[in-house]
Amino acid sequence: VTIRVEVTEGRRQLLTSVEVEGAVVTHPRVVDRALRLMPGTPVDPVTWSEARKRLYESGVFRSVDITAVPAPVTSVEPSGDDQLVTAKVLLEEWPLYRLRYGLQLIDERAPMGGVDTRGAIGAVADLTRQNLFGRAIRLGTAIRYDAIQKVGRGFMVFPSFLGRPMR
């Protein structure tokens, strides 16, 4: 049995521009830094997938969609059989504030000689301001209150430090 497969290549797509919709609060530089899509380069699905991943990892967007749309015909014709496309980036930002809260049940045994607090109930909560100044900075506070601990803390999360991405 012989199987024959014929492949016909389509036209190469060249990126002419990037159009972003949905970045209401987020500064355009934050989006551009995450996208890294350069006009004039061939469309590469791996590069676009990595751009989508970087946008999600910024913590600012709940939805990211990047599609190639044929560019309007201009007086400049592409060389050969290239197809000119525009990258349409549709974004949906997370709400600016997030409140999480809950109850906790302590089920750990106390160390020898300590007060046994198994079965004690506590409360936890955190309030976060997302995308501070449109720069993907998170600012928040968290509290924990139970029989063992009464803790409050504040935090600030930056997407990069001295121009380098942080994790």
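Axes are lines fitted to C-alpha atoms, for helices over the stretch in contact, and angles run from 0 to 180 degrees between N-to-C directions. By this convention, the axes of α1 and α2 come within 8 Å and cross at roughly 135°. Angles under 35 degrees count as roughly parallel, over 145 as roughly antiparallel, 65 to 115 as roughly perpendicular and the rest as oblique; α1 and α2 are therefore oblique to each other. The model is a predicted one, in which local features need pLDDT of at least 70 and side-chain atom pairs count only at pLDDT 80 or more, while totals for chains, interfaces and linings use all residues. Residues are numbered from 1 along each chain as its sequence is written, and side-chain values use heavy atoms, with hydrogens and water left out.

The protein contains 2 helices and 9 strands. Helices (H or I, at least four residues) and strands (E, at least two) are DSSP runs, numbered from the N terminus. In order from the N terminus, the elements are β-α-α-β-β-β-β-β-β-β-β. Of the 167 residues of the protein, 26% count as buried, where buried means under 20% relative accessible area, exposed over 50%, and partly exposed in between (1.4 Å probe, protein chains only). The accessible surface of the protein comes to about 12,200 Å², and 57% of this surface belongs to carbon and sulfur atoms. Areas come from the Shrake-Rupley method with a 1.4 Å probe; for residues, only the protein chains shown count as cover. Contact means heavy atoms within 4.5 Å. Among contacts between residues at least 6 apart in sequence, 50% join residues at least 24 apart.

An open sheet of 3 strands has the order β1-β3-β2, with mixed pairing. β1 and β2 stand at the edges, each with a single partner strand, so one side of each has no neighbour in the sheet. Neighbouring strands of this sheet are turned by 20° against each other on average, direction ignored. Two strands pair if DSSP finds at least two bridges between them. β1 and β3 run parallel and are joined by 8 bridges. Across this pair, Q13 stands opposite Q83 in β3, and the bridge partner of E19 in β3 is K88. β2 and β3 run antiparallel and are joined by 9 bridges; here A68 has A87 in β3 as its bridge partner.

Both helices lie across these strands. α1 lies across β1, β2 and β3 and runs at about 150° to β1. α2 lies across β1, β2 and β3 as well, running at about 155° to β2. In helix α1 (residues 28-35), the buried residues are V30, V31, A34 and L35. These residues cover an arc of only 125° around the axis, which puts them on the same side of α1; the arc is that of the directions from the helix axis to the C-beta atoms. On the other side of α1, P28 and R29 are exposed. The cover over the buried residues of α1 includes β1 (13-21), α2 (45-57), β2 (61-70) and β3 (83-93). Between the helices, V31, A34 and L35 in α1 meet A51, R54 and L55 in α2. Just after α1, R36 takes a positive phi of about 55°.

A further open sheet is formed by 4 strands in the order β4-β5-β6-β7, with antiparallel pairing. Its edge strands are β4 (97-105) and β7 (150-157), each of which pairs on one side only. Neighbouring strands of this sheet are turned by 10° against each other on average, direction ignored. Strand β6 (residues 137-145) is joined to β7 by 8 bridges, and the two run antiparallel. T141 stands opposite G154 in β7.

Q130 lies in strand β5 (residues 121-132) and counts as buried at 7% relative accessibility. Leaving aside neighbours within four places in sequence, Q130 is in contact with P95, L96, R98, I137 and R138. D146 lies in the loop between β6 and β7 and is buried, with a relative accessible area of 3%. Not counting residues up to four places away in sequence, D146 touches Q104, I106, I121 and G122. D146 and I121 are 25 residues apart in sequence and 6.4 Å apart in space, C-alpha to C-alpha.
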